[in-house]
Amino acid sequence: MKFIRSLLPPLLVVALAVPVPGAVTSESAALAVLASDAGLPEKARACQELGDFGGPKSVAPLAALLNTEHLADYARSGLEGIKDPSAGAALQKALPTLEGRFLAGAVNSLGVRREVAAVPELQKLALDPKRGVAEEAISSLGLIANRDATKMLVIEGVYSMEGHIA
């Protein structure tokens, strides 16, 4: 029994080292999948993987998918994972062009990324009932939680001074 238990860690390492079928192994390979006629599952996986190892050159192709029915969520996930500031800038730049769930998703992603530069736009969205993403904007401001975001939440009465939702 001890012998079998001693084999488990090496077997686990070997199992984790085996590549997943259809997995992309580099930024350029993932970008090639996005530019190809690959199917939806392959493109979705490429978007997700770009969040793991993508850089600035992945931002524009992912941003172009933010208004695409079946890939928008995957593209946002990819942009959330890219450490380069251009990913947050792309999400912010897309806000005026997005509507409905696509806009809500981009607003949420700005909060996940803690994009301080997006605070003024998120403040506007929090106060604009016509855009329909006030709750998402308030949530993102709460995630960013810098001085300007917090001040806006308290001043506008979203939170009471005791930290409770008003």
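**Entry 1: helix α4**

I began with helix α4, whose buried residues pack against α2 (27-35), α3 (40-53), α5 and α6 (85-94). I note that this is a predicted model, in which local features need pLDDT of at least 70 and side-chain atom pairs count only at pLDDT 80 or more, while totals for chains, interfaces and linings use all residues. Residues are numbered from 1 along each chain as its sequence is written, and side-chain values use heavy atoms, with hydrogens and water left out.

I took buried to mean under 20% relative accessible area, exposed over 50%, and partly exposed in between, with a 1.4 Å probe and protein chains only.

Which residues of helix α4 (residues 56-63) are buried? I found Ser-58, Val-59 and Leu-62. Seen down the axis of α4, these buried residues fall within an arc of 115 degrees, so they line one face of the helix; the arc is that of the directions from the helix axis to the C-beta atoms. On the face of α4 turned away from the buried side I noted the exposed residues Pro-56, Lys-57 and Ala-60.

**Entry 2: salt bridges**

Next I looked up the salt bridges, each being a side-chain nitrogen of Lys or Arg within 4 Å of a carboxyl oxygen of Asp or Glu. Side chains of opposite charge can pair when their charged atoms come close. By this rule I have six salt bridges.

In one of them the side chains of Arg-76 and Asp-73 meet, at 3.3 Å from N to O. The two residues are three apart in helix α5 (residues 72-81), which separates them by about one helical turn. An α-helix has 3.6 residues a turn, so residues three or four places apart point the same way. I recorded Arg-76 as buried, at 15% relative accessibility, whereas Asp-73 is partly exposed, with a relative accessible area of 37%.

Asp-73 also meets the side chain of Arg-101 in a salt bridge, at 3.4 Å from N to O. Arg-101 lies in helix α7 (residues 100-112) and Asp-73 in helix α5, so this pair ties together parts that are 28 residues apart in sequence. At 39% relative accessibility, Arg-101 counts as partly exposed.

I then turned to Glu-80, which forms a salt bridge with Arg-76, the closest N and O atoms being 3.6 Å apart. Glu-80 and Arg-76 are four residues apart in helix α5 and are again separated by about one helical turn; at 26% relative accessibility, Glu-80 is partly exposed. Taken together, Glu-69, Asp-73, Arg-76, Glu-80 and Arg-101 are linked in a network of salt bridges.

**Entry 3: Pro-41**

I also looked at Pro-41, which is found in helix α3 and counts as exposed at 59% relative accessibility. How many residues separate Pro-41 and Leu-71 in sequence? They are 30 residues apart in sequence and 9.3 Å apart in space, C-alpha to C-alpha.

**Entry 4: the whole protein**

Last, I wrote down the totals: the secondary structure comes to ten helices and zero strands. Of the 166 residues in the protein, 37% are buried. Counting a contact as heavy atoms within 4.5 Å, I note that residues 24 or more positions apart account for 56% of the contacts with a separation of 6 or more.
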